[in-house]
There are 2 protein chains.
Amino acid sequence: MSDLNTQHLAFKQQLFDHKLLFGSGVNGIVGRSSKIVELVAALHGMVDKESVKDGAQKVAFPPVVPRELLRTVGYMNNFPQLSGSIHSFSGDDRQHLALQETVKNGEDWSPHLSQTDVTLTPASCYPLYPTLAGNLPEGGALFDLNCYCFRHEPSNDPARLMSFEIRENVRAGSPEEVQKWRHSWLDRGHNLLESLGLSVVLDTASDPFFGRGGRMMKASQKELELKFELLVDIWGKDNPTACASFNYHQDHFSHLFGIHLADGADAHTACLGFGIDRLVIALLKTHGFDMNAWPASVREKLAL
Amino acid sequence: MSDLNTQHLAFKQQLFDHKLLFGSGVNGIVGRSSKIVELVAALHGMVDKESVKDGAQKVAFPPVVPRELLRTVGYMNNFPQLSGSIHSFSGDDRQHLALQETVKNGEDWSPHLSQTDVTLTPASCYPLYPTLAGNLPEGGALFDLNCYCFRHEPSNDPARLMSFEIRENVRAGSPEEVQKWRHSWLDRGHNLLESLGLSVVLDTASDPFFGRGGRMMKASQKELELKFELLVDIWGKDNPTACASFNYHQDHFSHLFGIHLADGADAHTACLGFGIDRLVIALLKTHGFDMNAWPASVREKLAL
């Protein structure tokens with residue numbers, strides 16, 4: 001094992017040994033200590049300032065969305081491996097006895113459950129789009145939202161959780177308005193993360209579309225430059241971690257949900273997302289565990 | 001239909017018509033407008049002040065917990081009907097084609113999915129207890145936490161959501177310390193909610209234990225006064241809504257997870273929870289939709 005790998009493993013272990021994070025026994029599900037709660041609040045505070053400057057409208061949705069929404073956006077075609085469908089028990093006393101026996105034996109409970117009308121939220125912005133059906137105001141609209149998102153990709157990388165916060169801004173408007181907004185955020189986001197003392201690179205990117213069919217989707221997304229990511233050096237420069245992304249959906253969501261401009265033309269949408277839990281790990285890895293000893297400029301930026 | 005029922009139905013409809021809440025097409029899953037986001041933040045701010053006064057330690061956990069945790073606490077014995085098990089797809093390209101066909105036809109996808117290691121969080125405090133294994137400091141400990149909780153009870157009552165925030169405090173310590181803390185909160189919680197101009201009654205209560213076997217659990221919980229609730233008049237005095245609860249677990253969680261006092265004796269635990277989304281509805285129902293016109297004392301308490 002290389003020295004770098006050994007050092008990264010030691011860092012990961014220390015996050016738990018120093019009780020900054022709480023392990024749960026399941027990879028990708030972690031709790032936050034007081035120190036991390038404070039840091040997360042500071043990161044949201046930093047984004048708050050940008051949102052207020054832009055006049056973004058804060059809205060919020062729970063970490064659970066209608067199953068029908070995943071169907072409408074084609075999530076099970078594109079990312080079935082990441083999805084989280086919610087199942088519950090609707091049996092009687094007799095069936096409950098059978099369920100309890102299965103649970104007691106540590107066996108798979110699935111046969112005793114049935115699928116509900118809801119799934120876990122895969123991205124903070126998904127539940128927003130159906131609420132925009134109709135005509136946008138003149139000049140379009142800008143939203144600010146945050147949610148715990150779920151992606152079923154168990155990993156022992158604390159910067160790749162299964163349940164994690166994505167703080168998003170969403171712009172809806174004319175193609176020009178939306179493109180201009182996204183373009184301005186590429187530099188602005190880069191500067192924002194650099195002001196936290198992180199080592200950041202901007203690159204085009206693609207989503208993890210499933211299977212053989214997904215390869216074409218990835219290639220097309222890259223070619224059309226629909227997705228940019230800000231990659232931060234957490235585990236080495238050769239293997240940087242996406243801590244923010246900027247996605248241009250063109251008229252994808254507008255078509256699905258009937259979102260129009262004030263004059264009736266099809267709207268376009270774009271979103272940006274900050275991976276809050278990844279930024280926490282990036283900051284701790286870069287500046288160390290003692291937040292009091294972080295560079296003054298970083299502490300100031302985070303109002304710590 | 002009585003005049004009261006008509007008035008309540010009109011109020012529920014107005015929550016959505018005035019775009020205070022966003023419907024999702026599924027009962028019990030709603031989004032929050034900017035106004036509601038502001039009100040939720042104000043309610044958390046109010047609890048923050050109490051927590052800081054008490055020196056509570058803020059910690060946080062995601063809305064998803066290990067399946068094994070539900071098994072350990074006996075959740076599937078007691079509340080299977082409310083549970084949310086998370087299932088995902090782990091098949092190959094061929095199986096994906098079959099999944100897509102099922103989804104396209106609007107059929108039950110369950111047969112194509114398998115149970116993961118995680119379920120939805122039923123109560124904010126559950127994931128805390130395993131992290132307390134070992135010896136508590138002298139005098140015990142006090143925690144402050146908030147999480148979106150899931151309970152599968154679809155309803156068109158906006159004060160009975162499937163995914164909703166429970167802001168909790170948890171006290172762990174000797175039986176005397178824990179009982180004293182819970183007892184002091186009965187009055188304190190009552191006063192806190194009354195200071196919001198709400199009509200509040202304190203009563204003993206029981207959890208919705210499942211089935212025939214559950215009846216005895218409910219009776220015993222009431223008899224031992226293990227659960228108190230603050231009931232708020234939202235839909236009429238005869239049918240008040242629990243907006244806060246105070247639960248004494250005795251040594252239940254301490255036994256399960258090995259939580260001890262500084263001297264090695266078994267610890268006791270208790271928790272209090274505020275139903276944030278219910279308080280929002282209670283406030284809007286009591287004082288109206290125009291937050292600027294709410295009583296000065298309520299606005300002051302919420303720092304609006």
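Predicted model: local features only at pLDDT ≥ 70, side-chain atom pairs only at ≥ 80, totals over all residues.

Residues are numbered from 1 along each chain as its sequence is written, chains are lettered from A and ligands numbered from 1 in the order in which they are written, and side-chain values use heavy atoms, with hydrogens and water left out.

How many residues of chain A are in contact with chain B? There are 63 of them, and they meet 64 residues of chain B, where contact means heavy atoms within 4.5 Å. The area buried between the two chains is about 5300 Å², and carbon and sulfur atoms give 66% of that; buried area is the accessible area, taken with a 1.4 Å probe, that two parts lose on being put together, summed over both. A:Arg71, A:Met76 and A:Trp109 supply 12% of the area that chain A buries against chain B, more than any other three residues.

Across this interface the rule finds zero salt bridges, a salt bridge being a side-chain nitrogen of Lys or Arg within 4 Å of a carboxyl oxygen of Asp or Glu.

Over all chains, however, the count comes to 26 salt bridges. In one of them, the side chains of A:Arg167 and A:Asp48 meet at 2.7 Å, N to O. Because A:Arg167 lies in strand β9 (residues 163-173) of chain A and A:Asp48 in helix α2 (residues 34-54) of chain A, this pair ties together parts that are 119 residues apart in sequence; helices (H or I, at least four residues) and strands (E, at least two) are DSSP runs, numbered from the N terminus.

Finally, in chain B, B:Gln7, B:His8, B:Phe11 and B:Leu15 in α1(B) meet B:Ile281, B:Leu284 and B:Lys285 in α10(B).
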